[in-house]
Amino acid sequence: MSSFLTIGLFFVFRRFWSIRNLDIVLLILLAPGLLMVNEGYRRQTRLARLASAEISAAANTNPVEAEVAPEEAAPAELSPTDEATSESAAIPDEPPMATEAPAEPESPPAPRELTAEELTRLQESEPYRRAAGLQRTGFITLFGIQFLVLVRMLLDPLMVRRPLLDPNLTTGGLNFLGISLFIFMMANVVASTPEIQQEQGPKLGPGYALINMLPAIPTRPISEAIAGAEPPTMAELTAAEQRRTMIAKIIAILAQSAVLIGILLIGNRHFGNLRAGAGCATLYLLMPYTAQMTGRVDHVVPAALILWAVLMYRKPLIAGLFIGAAAGLLYYPLFLLPLWCSFYWQRGVGRFAGAVLVSLTVLMALLAFAGGEPFLTHVQRMFGVLNPNKGPNELTGIWELGWNPIWRLPVIVGYVILSFFFAVWPGQKNLGILISCSAALMVAAQFWHGYGGGLYMSWFLPLLLLTIFRPNLQDRVATKVIDGRSRPTRRSSTALDAA
């Protein structure tokens with residue numbers, strides 16, 4: 001349904017062979033891979049919980065059978081009088097279940113965590129292998145489509161002609177549809193059951209410790225109830241877990257709101273087209289990825305920060321604060337710094353770099369309250385100062401499903417080269433190039449992300465949509481739009497001295 005709505009609202013039927021239609025097709029093709037990954041993960045989780053429940057049930061029933069065995073021989077020794085007495089006990093004046101009431105509340109045993117041997121045996125089973133194969137196919141599909149998106153973003157600076165192609169619905173209709181989708185998604189976040197995680201730390205690679213403490217808020221079921229085991233409800237959580245869950249939900253809702261408001265403001269202020277901004281925001285909400293990852297704080301918070309840095313690009317100080325905050329939370333936006341410093345090089349680079357350092361310093365200071373591990377360990381993970389050569393058991397995503405992790409190393413080297421390459425190309429950078437090249441870097445980060453790379457589409461999706469809808473922005477360069485406050489002050493003081 002999402003694909004049909006996307007085609008009906010944004011496909012340019014009067015110009016079939018257009019870049020806009022190619023972009024819409026690429027966006028639609030992101031969905032199958034994501035759905036295959038999620039379905040494979042759902043099947044694996046279901047099999048693991050079922051195996052754990054069966055093992056727990058077998059462990060609990062074996063001693064009971066041993067205790068009941070001697071009692072089963074007792075009826076053979078009853079006398080005829082005893083038999084008559086036992087038959088009279090079945091008179092319907094007193095329900096036979098009344099004496100068995102205390103034993104009725106027995107519930108199936110809760111699944112436990114599988115041991116290494118049990119997990120290995122499960123992974124060798126045929127259903128688990130099929131689920132892993134489906135997940136692997138989904139990741140490969142995602143990487144293939146995202147590679148095409150990367151090529152599209154790299155070619156975007158060469159596309160000078162950008163005709164105005166508005167959505168096929170009025171601004172009012174787009175706003176109504178977008179607001180309706182947003183309300184349903186946020187209600188889903190509020191009513192969802194949290195998956196309580198351990199502190200992510202080394203299991204999920206580089207990241208900010210305080211953000212990694214927050215649980216993931218799923219907005220779709222991973223599996224149905226298995227052996228009577230349901231995901232934990234709010235009443236079953238500890239007070240600390242309940243607080244973290246509420247904080248995660250509030251942050252997710254605020255971050256999603258910030259993304260949508262940022263898109264609308266960029267469309268209105270920088271593109272001069274509110275209808276394009278409304279269409280971009282509605283298309284973001286129509287994406288299946290947005291519906292499935294609505295409650296993931298580690299997905300949407302960096303996206304909101306980068307997007308607001310683009311919105312405030314005329315103010316290098318504020319833009320630097322946003323980029324520094326995004327880089328401090330999830331490390332990967334650090335590779336945006338060469339591109340953004342190059343954009344501000346002729347005017348504003350000092351204010352931008354200083355603001356980035358301020359954000360990083362504040363986030364480092366807050367790590368003193370993280371606890372659990374030494375301060376330097378938290379700082380090391382915050383900046384991703386880790387050994388990139390890891391085994392498949394230490395990584396997740398495609399790297400644990402058959403791909404040799406050694407191939408991450410040349411991808412990382414190529415990514416670093418691409419990051420610094422954007423510092424010199426294109427020579428004259430404008431707002432459009434800043435948006436498309438930032439999207440390219442965040443897309444390229446998916447290929448070496450060792451902990452679910454390919455799934456963090458929120459990092460580049462808003463920028464990708466802005467690139468699709470943007471007009472020609474060749475005049476939005478730093479020397480024209482940024483106020484050089486120091487030079488007018490010197491000139492005015494010189495004029496006063498001469499007078």
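Me: How many aromatic pairs does the ring rule give here?
Reply: The count comes to 26 aromatic pairs. Rings of Phe, Tyr and Trp (its six-membered ring) pair if their centres lie within 6.5 Å; planes under 30 degrees apart count as stacked, over 60 as edge-to-face and the rest as tilted. The model is predicted, so local features need pLDDT of at least 70 and side-chain atom pairs count only at pLDDT 80 or more, while totals for chains, interfaces and linings use all residues. Residues are numbered from 1 along each chain as its sequence is written, and side-chain values use heavy atoms, with hydrogens and water left out.

Me: What makes Phe-139 and Phe-143 a pair, and which kind is it?
Reply: Their ring centres are 6.5 Å apart and their planes 40° apart.

Me: Where do Phe-139 and Phe-143 sit in the chain?
Reply: Both are in helix 5 (residues 126-155), four residues apart, which puts about one helical turn between them. A helix here is a DSSP run (H or I, at least four residues), numbered from the N terminus.

Me: Is Phe-139 buried or exposed, and how do you know?
Reply: Phe-139 has 2% relative accessibility. Buried means under 20% relative accessible area, exposed over 50%, partly exposed in between (1.4 Å probe, protein chains only). Phe-139 therefore counts as buried.

Me: Is Phe-143 buried or exposed?
Reply: Phe-143 has a relative accessible area of 7%, so this residue is buried.

Me: Why is the pair of Phe-143 and Phe-447 given its class?
Reply: The two centres lie 5.5 Å apart and the planes meet at 35°, so this pair is tilted.

Me: What does the pair of Phe-143 and Phe-447 tie together?
Reply: Phe-143 belongs to helix 5, whereas Phe-447 is in the loop between helix 17 (431-444) and helix 18 (461-469), so the pair ties together parts 304 residues apart in sequence. Phe-447 is buried too, because its relative accessible area is 16%.

Me: Which residues do ring pairs link into a cluster?
Reply: The cluster holds Tyr-331, Tyr-332, Phe-335, Tyr-415, Trp-448, Tyr-456 and Trp-459.

Me: Which ring does Arg-20 lie over?
Reply: Arg-20 lies over the face of Phe-469, 4.6 Å from the ring centre. The rule asks that NZ of Lys or CZ of Arg be within 6 Å of the ring centre and within 35 degrees of the ring normal.

Methods
Helices (H or I, at least four residues) and strands (E, at least two) are DSSP runs, numbered from the N terminus.
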